[in-house]
Amino acid sequence: MASALSVHALEKVFRNGFSRREIRALSGIDFEVAPGEVFGLLGPNGAGKTTTVKILLGLTFPTKGEARILGLSARSPESRRRTGYLPEGHRFPGYLTARQTLSIFGRMAGLSRGEVEQRIPALLSRVRLPEWADVKVKKFSKGMTQRLGLAAALIHKPEVLLLDEPTDGVDPVGRREIRDLLREEAARGTAILLNSHLLSEIELTCDRVTVLRKGSVAATGTIKDLTGASALGVSSQVRYRMVAYGMTPSLVGGIQQLDASIAQTNGHFELSVRDYAHLNQVIDRLRAEGAELRELTPLRSSLEDVFVDLVKTGDLDSPEVKPS
Amino acid sequence: MRALWARALWANVEEVFREAAARFTLVAYFALSTVFILLFAAAVNLDVVDGALAGAKLFGKEIEMRGGKVEIDKLVLGFEMGFSAVLYLVGTFLAIFATAHLVPRLQEKGTIDLYLSRPIGRVPLLLSRYAGGLLLAAFNVAYLMVSIWLIVGIKTGVWNERFLFGGGIILFAIATLLAFAFLVGVVTSSTAVSIMTSYGLFFMASILTAHEKIAAAMSMDWGASLVHAGYWVLPKTAQLGQAIVVLVSGGTGMHRPPPPVDPWAVYGTTGLFGLLALTWACWLFSRKDF
Ligand SMILES: Nc1ncnc2c1ncn2[C@@H]1O[C@H](COP(=O)(O)OP(=O)(O)O)[C@@H](O)[C@H]1O
Ligand SMILES: [Mg+2]
């Protein structure tokens with residue numbers, strides 16, 4: 001299937017003013033997003049997520065490589081005709097009302113006055129701001145501004161949606177609503193690229209993820225791929241929640257001698273093993289010592305664990321800065 | 001494609017006007033203008049007999065007419081000449097004051113993303129803002145000039161259309177300075193710097209009207225060349241002011257009519273300066289990383 005958006009060997013070096021310093025924000029990243037897919041770009045602050053999205057929108061120009069939307073180069077304004085964008089920390093002019101904001105930005109996307117006026121009521125209901133249509137934007141809370149931004153991104157019915165930290169500053173209920181809305185959009189075939197440093201957001205919303213670290217792709221895959229232990233070459237362990245009777249201190253010590261880690265927390269144990277063979281070895285030992293196994297539940301390694309593993313290989317501050 | 005440009009243009013113009021309406025400075029400007037116009041209308045009480053002024057009342061007080069009667073045409077003309085000169089200065093400064101923020105505000109973090117992510121190209125976007133700013137300035141100038149012109153006409157029966165044409169030159173000067181303010185805005189993203197440099201340009205260029213004298217007083221050749229070059233490159237702000245007064249007067253009523261100007265030397269070089277400033281602003285804006 002043709003991808004809705006793609007970046008290929010994308011590099012970005014910022015040259016800052018007179019200091020002649022180079023900041024390498026992206027060093028050759030690749031990914032593609034298909035129509036109807038919710039794709040997550042995950043990484044700590046300064047990883048290059050915003051830079052990537054800005055290049056896709058022609059806000060920033062790539063140093064090398066290519067970014068395309070719906071087959072068009074990101075440099076061409078026409079590529080933005082069917083693209084919606086929710087910028088990070090956006091600020092709409094405070095003197096406009098919600099209705100005026102949507103009208104002005106809708107018309108800048110090529111809609112006629114009639115088309116915008118007809119779409120605004122339904123759109124404001126969709127982002128749950130119908131009663132705020134004629135209130136000035138400067139009176140809006142952070143969450144409301146974010147929802148208005150979403151409405152502005154959707155007004156021209158885009159086929160590609162780029163969202164930079166969309167749930168930033170939004171309460172949990174609002175987050176859920178935004179997630180639902182994105183899911184609806186994806187269901188009707190919109191390709192969605194979602195930037196976040198919040199792992200839980202990505203995990204809950206996205207089909208596929210690319211983890212960025214200091215401007216490079218640390219991993220790409222489905223949530224399942226990434227959280228399934230071995231896929232990453234990251235030393236990972238399988239963790240279990242275990243309830244067992246007859247666990248003596250000597251037995252716990254014995255299990256530790258098998259190179260498994262075990263710790264008691266609130267009446268249950270948390271057990272970490274290398275793999276299934278190792279797990280069975282531990283259970284054999286446990287049974288042989290007369291303990292009775294009541295419960296054994298795998299604790300899925302969450303994306304957060306993977307994420308921390310991926311990014312802790314380097315320091316988390318900004319990418320390499322080198323004088324030119 | 002054409003529809004997109006036109007729609008984006010009007011959306012931007014609308015936004016510029018909505019912002020202006022929301023800004024206190026501009027509301028205050030219109031309020032003050034209106035008060036001025038109303039006071040003017042109420043205060044001027046002319047007694048016109050047979051095309052001549054028999055008596056005039058200002059704030060209810062009789063004005064002494066030296067030598068008996070004054071020809072009403074001349075009085076009106078004198079007033080309109082003076083008023084157009086004042087408006088040239090005040091109107092230009094107010095227009096820059098009211099519009100210089102258009103680019104810096106557009107370029108603010110969190111705002112520029114919203115505009116540039118629309119399918120409108122960067123150059124049409126910047127030009128739309130420019131058009132919006134200019135239209136706003138035109139409204140300001142027209143509001144004052146047309147009202148004064150109407151009041152004077154109604155009260156005296158003297159209708160001098162040349163007074164209105166003077167507004168055209170004022171707008172031309174504003175267009176040139178605004179282009180420069182946009183250029184500074186694109187580079188510095190600062191409203192204060194845009195305003196100050198535009199005012200500075202206005203005065204600097206006015207002083208350079210005397211470039212011959214300044215250059216003659218300079219000891220170094222390159223200094224003199226620089227002064228001459230500066231004069232030819234920069235807008236002819238002082239001569240434009242003069243041109244307005246001459247235009248409004250229709251060549252009469254001046255004690256010492258200034259020497260006729262070469263239109264290319266005044267309007268041509270000024271227009272060229274504005275055009276270059278705007279082109280440069282567009283070029284820089286279209287290459288900027290945000
Ligand atoms: N305009 C810019 N000039 C210089 N450096 C920049 C600019 N924009 C971003 N950077 C740098 O590029 C790196 C990546 O930033 P960004 O893409 O904003 O990261 P993220 O969105 O993942 O937090 C950071 O080190 C940041 O300081
Ligand atoms: Mg970011």
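1. In this predicted model, helix α1 (residues 49-56) of chain A lies across β3 (38-42), β6, β7, β8 (191-196) and β9 (208-213) of chain A. Helix α1 runs at about 150 degrees to β8(A). Axes are lines fitted to C-alpha atoms, for helices over the stretch in contact, with angles from 0 to 180 degrees between N-to-C directions. Helices (H or I, at least four residues) and strands (E, at least two) are DSSP runs numbered from the N terminus.

2. Helix α4 (residues 142-154) of chain A also packs on the sheet. Helix α4 touches β6 and β7 of chain A (contact: heavy atoms within 4.5 Å). Its direction makes about 165 degrees with that of β6(A).

3. The sheet is open and mixed, with 6 strands in the order β6-β7-β8-β3-β9-β10 (chain A). Pairing requires at least two DSSP bridges. The edges are β6 (83-86) and β10 (216-222) of chain A.

4. β6(A) pairs with β7 (residues 160-164) of chain A in the parallel sense, over 4 bridges. Leu86(A) has Leu163(A) as its bridge partner in β7(A).

5. The largest nonpolar core has 150 residues. Such a core joins buried (under 20% relative accessible area, 1.4 Å probe, protein chains only) Ala, Val, Leu, Ile, Met, Phe, Trp, Tyr and Cys through side-chain atoms within 4.5 Å. Leu162(A) and Phe285(B) are among the members touching the most others. Contacts of Leu162(A) include Leu5(A), Val53(A), Leu86(A) and Leu193(A).

6. Residues are numbered from 1 along each chain, and chains are lettered from A, as written. Local features need pLDDT of at least 70, side-chain atom pairs 80 or more, and side-chain values use heavy atoms.

Technical notes. Buried < 20%, exposed > 50% of the residue type's maximum accessible area, 1.4 Å probe, protein only. Lists of a residue's contacts leave out its neighbours within four places in sequence.
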